[in-house]
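Subject: Structure handover

Hello,

Here is the model we spoke about. Please open it alongside the notes below.

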Amino acid sequence: MPQTVKGVISRSKGADVEVVDVVVPDPGPGEAVVKIETCGVCHTDLHYREGGINDDYPFLLGHEAAGYVEAVGEGVTDVAPGDFVILNWRAVCGQCRACAKGKPWYCFNTHNATQKMTLTDGTELTPALGIGAFIEKTLVAAGQCTKVPEADAAAVGLLGCGVMAGFGAAVNTGGVGRGDSIAVIGCGGVGNAAIAGAKVAGATTIIAVDVSDAKLEQAKHFGATHTVNSTDTDAVEAIRSLTDGNGADVVVEAVGRPETYEQAFYARDLAGTVVLVGVPTPDQQVTLPMIEIFGRGGSLKSSWYGDCLPSRDFPMLVDLYKQGRFDLDAFVSERIGLADIEAAFDKMHAGEVLRSVVEL
């Protein structure tokens, strides 16, 4: 039977979010109902509220979540009731041209649940990133459930979006490895995850760049060997001076602005790699001399979800966390309730937290 549970929606552009009753149907073929334990408050949820994704209101917000499978639909074999899972928004299809090429982390046809969750009056909800996890229970495609070893849900649930995006930008997309140098521009949750990933991968020079001394101090905890406050120091010159005048092997741009992308471009070594993981707005543009693009060689890349394969990467990172080698606890700034999400947006916008995590 369908269940009525509490969830958080955005009803219209810019309006405060609301805690409302949501009807969750029984899972159909290929679907699962997940009892949510925790869900991180991510910038993407704020983008949805502000109309920065699309205008398919009302949105059921939340996507960076962990919980337990409660029920599965017909044909589901990869997960079963009782499994502890992290939700992902890249449930690979296994059949599109990216999957056929052996690159499922680029899957162009990812799965979401077929049925819709609704308000009690029948109004259909659009779940954020096909998940919608600011809710007691949610309906997803079963492929969006990644089974992992049990651990603190507030910490490992962050792998569902921001932490995976940053870690993967450095390790999967950037290919940073032992002995490499890396600079990370923007030290919020995603940037610090890139720093932590570079440390795990064996980078020896890890340069954190930000405009906030407090964030730079945090970055040291995650593995930054050097910090640069770009409000009073030229970031490009500082990165070059810290890498024997050459520039970094990998530069991760975790802000998503033209000026910081240009810094990343000029701060890399010859044949180095720039990775854009910060999300720009549709109107932003960057202009670079073509001779510089040609003359520097290397790669200019964007990172989608850290180019991750959830079935491969989530369990590995949970294992690293449980071994004490990847400090996911440090990303959890506060634990809050469903009614506190609007205040969490304000703290996030002010740069006061890495992640507020809703506990249900």
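Helices α4 (residues 162-173) and α10 (residues 310-322) pack with their axes 12 Å apart, at an angle of about 105 degrees. Axes here are lines fitted to C-alpha atoms, for helices over the stretch in contact, and angles run from 0 to 180 degrees between N-to-C directions. So α4 is roughly perpendicular to α10. The classes are: under 35 degrees roughly parallel, over 145 roughly antiparallel, 65 to 115 roughly perpendicular, the rest oblique. On the α4 side, the contact is made by Met 164, Phe 167 and Asn 172. On the α10 side, the contact is made by Arg 312, Asp 313, Phe 314, Met 316 and Leu 317. Contact means heavy atoms within 4.5 Å. By type, the residues of this contact divide into five nonpolar, one polar and two charged. Ala, Val, Leu, Ile, Met, Phe, Trp, Tyr, Cys and Pro count as nonpolar; Asp, Glu, Lys and Arg as charged; the others, Gly among them, as polar.

Ground rules, briefly. This is a predicted model, where local features need pLDDT of at least 70 and side-chain atom pairs count only at pLDDT 80 or more, while totals for chains, interfaces and linings use all residues. Residues are numbered from 1 along each chain as its sequence is written, and side-chain values use heavy atoms, with hydrogens and water left out. Helices (H or I, at least four residues) and strands (E, at least two) are DSSP runs, numbered from the N terminus.

Sheets next. Six strands form an open, parallel sheet in the order β13-β12-β11-β14-β15-β16. Two strands pair if DSSP finds at least two bridges between them. At the edges are β13 (226-229) and β16 (299-302), and each pairs on one side only. Neighbouring strands of this sheet are turned by 15 degrees against each other on average, direction ignored. Within the sheet, β14 (residues 248-253) and β15 (residues 268-276) pair in the parallel sense over five bridges. Val 251 has Val 274 in β15 as its bridge partner.

A further open sheet has five strands in the order β7-β2-β1-β4-β8, with mixed pairing. Its edges are β7 (118-119) and β8 (126-127); each has a single partner strand, so one side of each is left without a neighbour in the sheet. Strand β4 (residues 59-60) pairs with β8 in the parallel sense over two bridges. There, Phe 59 stands opposite Thr 126 in β8.

Strand β5 also has two pairings to check. With β3 (residues 31-40), β5 pairs in the antiparallel sense over eight bridges. Ile 36 has Gly 67 in β5 as its bridge partner. Three bridges join β5 to β6, and these strands run antiparallel. Ala 66 stands opposite Ile 86 in β6.

Aromatics. Rings of Phe, Tyr and Trp (its six-membered ring) pair if their centres lie within 6.5 Å; planes under 30 degrees apart count as stacked, over 60 as edge-to-face and the rest as tilted. By this rule there are nine aromatic pairs. One of them is Tyr 68 with Phe 84: tilted, 5.2 Å centre to centre, 50 degrees between the planes. The partners are 16 residues apart, Tyr 68 in β5 (residues 64-72) and Phe 84 in β6 (residues 84-87). Tyr 68 is partly exposed at 27% relative accessible area, whereas Phe 84 is buried at 4%. Buried means under 20%, exposed over 50%, partly exposed in between (1.4 Å probe, protein chains only). Ring pairs also link Tyr 48, Tyr 57 and Phe 59 into a cluster.

Tyr 57 comes up again at the backbone. A cis peptide bond joins Tyr 57 and Pro 58, with omega about -5 degrees. Pro 58 is in the loop between α1 and β4. Arg 49 sits in α1 (residues 43-49) and is buried at 10% relative accessibility. Not counting residues up to four places away in sequence, Arg 49 touches Tyr 57, Glu 342 and Phe 345, among others.

Two backbone angles deserve a look. Leu 129 has phi near 50 degrees, a positive value in a residue other than glycine. Leu 129 lies in the loop between β8 and β9 (137-141) and is partly exposed at 21%. Asp 244 has phi near 60 degrees, also positive and not a glycine. Asp 244 lies in the loop between α7 (235-241) and β14 and is exposed at 74%.

Best regards
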